[in-house]
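Please look through the model shown here slowly, with the sequence beside it. The paragraphs that follow move from single residues to the whole chain and then to the contact between chains.

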Amino acid sequence: MELPILSVSQLIAVVNQTLEFAYPSVIVEGEVASFKVSKGKFVFFDLKDDEGVVNCFMMVYQLRHALEDGMRIKIIAQPRLTPWGRFSLTVREVMPVGEGTIKRAFELLRQKLNKEGLFDPARKRMLPHVPQRIGLIASVESAGYADFLKILDARWGDVLVEVADVQVQGMGAASQIIIAIEHFNQMAELPEVLVIVRGGGSAEDLAVFNDEALVRAIAASRVPTLVGVGHEVDTSLADMAADVRAATPSNAAQLLVPDRHAVTRELDQREQRLYQRLYHQLETVQRLLRNTPEIMLARLESAVVEHKRRIHHAQQLLKQLDPSVVLRRGYALVYLNNKLIKKANDVKTGDLLTITLARAILKAEVTHVSTKK
Amino acid sequence: MSVPKSKPKLQEQLAELDELLAWFDQPDIDLDQALKKFDEGVALAETIKKRLVTFENKVTILKQRFDRPA
């Protein structure tokens, strides 16, 4: 069989078709070398191990972790032959691998986003006091999801939880979470809070939550965000960009709703306060009632004393006016024909007078009348 | 057809209870009214407590898929 003669560009096209058929996408792990960004748009680097090296190309917007030479990364890419005859991997996604790289990528991106003010405390919004409708972004098969709902149910009821079931680890996870965040933010009626949870995992698993686009999506969410990822010791950039950071998924539920037992205790206290206030009212009235007769009696008594005093005074006065009292002191009343004699003209010599003393009545005749000088 | 009145929110009931409590703080309150408010308050607290024991969260899983092809 005679082989067809191909032009150079035809050869390249055929090779690319074959590559695309055989390897629609590959996941490759290696170390970054010769990393550079061109015109702020294109990213070039080499991926190498001890025995080989391959050129990589990607768009800046697809690079969601900070890269630098020496980092270990995992990429999803499509192999292809460039028009210049070079073998290259067109990279769609990059994930840092290994503790050292993850830490370094985390730190580089943290510095960059911090400079932009993404983690600024002034940006943080309060969560609703007790939300009634929340958007939950999690994998329904994960332990973090189960933990969150378990604590939520134990603490509170009355919450409508709408769940976006997403992948929370591995390649593509960050993109799914971003789409879920956008989905909730586009709802006609927004949920009151967006909760993103994921249980503990390896540094590599949790590196999803250091994805630049995801961190930005969390920071840009119109709906306030609560992120609880990993264990207490884990910190992710997603945590830092969230309005409220929870240490774990269980802690997220604790931060979100009050504890029904605590509220019941609080209600008991309020009832107690009601009793106290009513009791206080009753006591006030009772005190008033108890004291009324005493007050009245006291007033009555003072009135009686006053009256007694007046009566006594009047009696004294009357006593002084009694004529018999005057007679007892030696005075006498002199009558002529039952008429009291007060002056010389009232009598003449020879008249028969009646003289009343305190204890005697005398009859006497006038023998002489003269006027006192 | 009349629209059924929706159950008051728990938060609203708690706020109502606080209002009742605050009522007792005013000076010169009427004893008859105080007794009425007291009964109302206790009944409300008991209703809320009952609700706290029985109410449940509702979980719905969205049908959307979020794995958009890259």
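A residue is called buried if 20 or more other C-beta atoms lie within 10 Å of its own, exposed if 12 or fewer do, and partly exposed in between, with the C-beta atoms placed from the backbone. A:Ser34 has 13 C-beta neighbours inside 10 Å and therefore counts as partly exposed. A:Lys39, with 6 other C-beta atoms within 10 Å, is exposed.

Before going further, note that this is a predicted model, in which local features need pLDDT of at least 70 and side-chain atom pairs count only at pLDDT 80 or more, while totals for chains, interfaces and linings use all residues. Residues are numbered from 1 along each chain as its sequence is written, and chains are lettered from A and ligands numbered from 1 in the order in which they are written.

The C-alpha trace of chain A spans about 200 × 45 × 40 Å along its principal axes. Its radius of gyration is 56 Å, whereas a compact globule of 373 residues would have one near 21 Å; the value is taken over C-alpha atoms, and the globule rule is 2.2 Å times the number of residues to the power 0.38. Chain A is divided into domain 1 (8-97), domain 2 (131-258), domain 3 (261-321) and domain 4 (325-365), with bounds that come from an automatic or database domain assignment. The centres of domain 2 and domain 4 of chain A, taken over C-alpha atoms, are 128 Å apart.

Of the 373 residues in chain A, 29% are buried. Two residues are in contact if their C-beta atoms, placed from the backbone, lie within 7 Å; leaving aside its neighbours within four places in sequence, A:Ile137 is in contact with residues including A:Ala164, A:Ile177 and A:Val195. In helix α6 (residues 212-220) of chain A, the buried residues include A:Leu214 and A:Ile218, and the buried residues of this helix pack against α2 (99-115), α4, β9 (225-229) and α7 (237-241) of chain A.

Finally, the contact between the chains takes 34 residues from chain A and 28 residues from chain B. On the side of chain B that touches chain A, α2(B) gives the most, with 9 residues. Strand β7 (residues 160-165) of chain A pairs with β1(B) in the parallel sense over 4 bridges, and two strands are said to pair if DSSP finds at least two bridges between them. The bridge partner of A:Glu162 in β1(B) is B:Thr60.

How values were computed: Helix = DSSP H or I, 4+ residues; strand = E, 2+ residues; numbered from the N terminus.
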